[in-house]
Amino acid sequence: ETVVNISAFLLILPVLLFSAFLTSLWQKILTKFYQQFAEVNGYLFTKVEAKISEEGALFIEGSDKLKTNIIKGIFKEHSIELFNYQFTTGSGKNKSTHHYTVFEIDYNRQIPKMFLRSDKYSWSMYKPSFSNGRRLTLEGDFDKHFDLFVEEKFEIEALQIFTPDIMHKLMTDWSKFTLEFTSDKIFIYTTRTIYKQKDLQSMYGLAKYLIDKLAPTLSQMESSVIAMQEKFKV
């Protein structure tokens, strides 16, 4: 029996080694892909950062959280960060690793908490990270593409942000992305590791669009957001 076990191990050893080689090679290719994107756009690149301090629905899930291929910089006076993110759920045979690509925009001001969940892929398992939220129905076909959850008492602010032109643009160009508005940041999520140039450019395009379109609106409403948060202690 021992001889059989050794023989079986020797048979699968080359497969294991080849699998490990392919994994290592893929990680190197992926790292180079993001590093080149950072260099082309004048941003800073870091390979690995295990510390996770972000607020948001995606970052309270699972264990063994890890950030890799991290790109940081400034776009129109806003700090931005792009990274691959993964965490694990379950254990033993039920253990799974989940992979995402995340784009973070820091608005450096108080903004209403919202969660715009794409109806594509497996986003239905995610809920808003804030407890006092409600689903808001918007006009047209928007609800066929997204579910919008808004912190209670901030429904009017949500309508000021998700104007018809913005809703149309999100539906036609970026319906596969999920957005989360936290205390002072907006996160763009996608449920996989992006490895194609066109997909990364699409995510970057959405980030730039949100900065251009929402920065003036969020700036104007900050005082009322702070007043509402103080009044209702949210």
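This is a predicted model: local features need pLDDT of at least 70, side-chain atom pairs count only at pLDDT 80 or more; totals for chains, interfaces and linings use all residues.
User: OK, how many helices and strands does the protein have?
Analyst: There are 4 helices and 9 strands. Both are DSSP runs numbered from the N terminus: helices are H or I with at least four residues, strands are E with at least two. Going from the N terminus, the order is α-β-β-β-β-β-β-β-α-α-β-β-α.

User: And what order do the strands take in the sheet?
Analyst: It's an open sheet of 9 strands, ordered 1-2-3-4-9-8-5-7-6, with antiparallel pairing. Two strands count as paired if DSSP finds at least two bridges between them.

User: Which strands stand at the edges?
Analyst: Strand 1 (44-49) and strand 6 (133-136) do. Each has a single partner strand, so one side of each has no neighbour in the sheet.

User: Can you show me some pairs?
Analyst: Strand 3 (78-89) pairs with strand 4 (96-106) in the antiparallel sense over 11 bridges, and F83 has V102 in strand 4 as its bridge partner. Strand 8 (178-181) pairs with strand 5 (114-118) over 3 bridges and with strand 9 (185-190) over 4 bridges. Both of these pairings are antiparallel.

User: Which way do the residues of strand 8 point?
Analyst: T178 and E180 point one way, L179 and F181 the other way, and all are buried. Buried means under 20% relative accessible area, exposed means over 50%, and partly exposed is in between, with a 1.4 Å probe and protein chains only. Buried residues make up 44% of the 234 residues in the protein.

User: Is D64 buried or exposed?
Analyst: D64 is exposed, with a relative accessible area of 53%. D64 is in strand 2, and its C-alpha atom is 8.8 Å from that of T89, 25 residues apart along the chain.

User: Switching topic: what lines the largest cavity?
Analyst: F37, Y43, I71, I80, E81, L82, F103 and Y204 line it. A cavity is a set of points, on a 1 Å grid over the protein atoms alone, where a 1.4 Å probe fits but cannot get out; a pocket is an open set with protein on both sides within 12 Å along at least five of seven lines, and lining residues have an atom within 4 Å of a point. This cavity's volume is about 30 Å³, where volume is the space filled by probe spheres set on the points, and grid points are joined across faces, edges and corners.

User: And how much space is in the largest pocket?
Analyst: About 220 Å³. The pocket is lined by 16 residues, and Q27, L30, T68, Q86 and H99 lie nearest its centre. Helix 1 (2-41), strand 1, strand 2 (63-75), strand 3 and strand 4 each give two or more residues to the lining.

Key. Residues are numbered from 1 along each chain as its sequence is written. Side-chain values use heavy atoms; hydrogens and water are left out.
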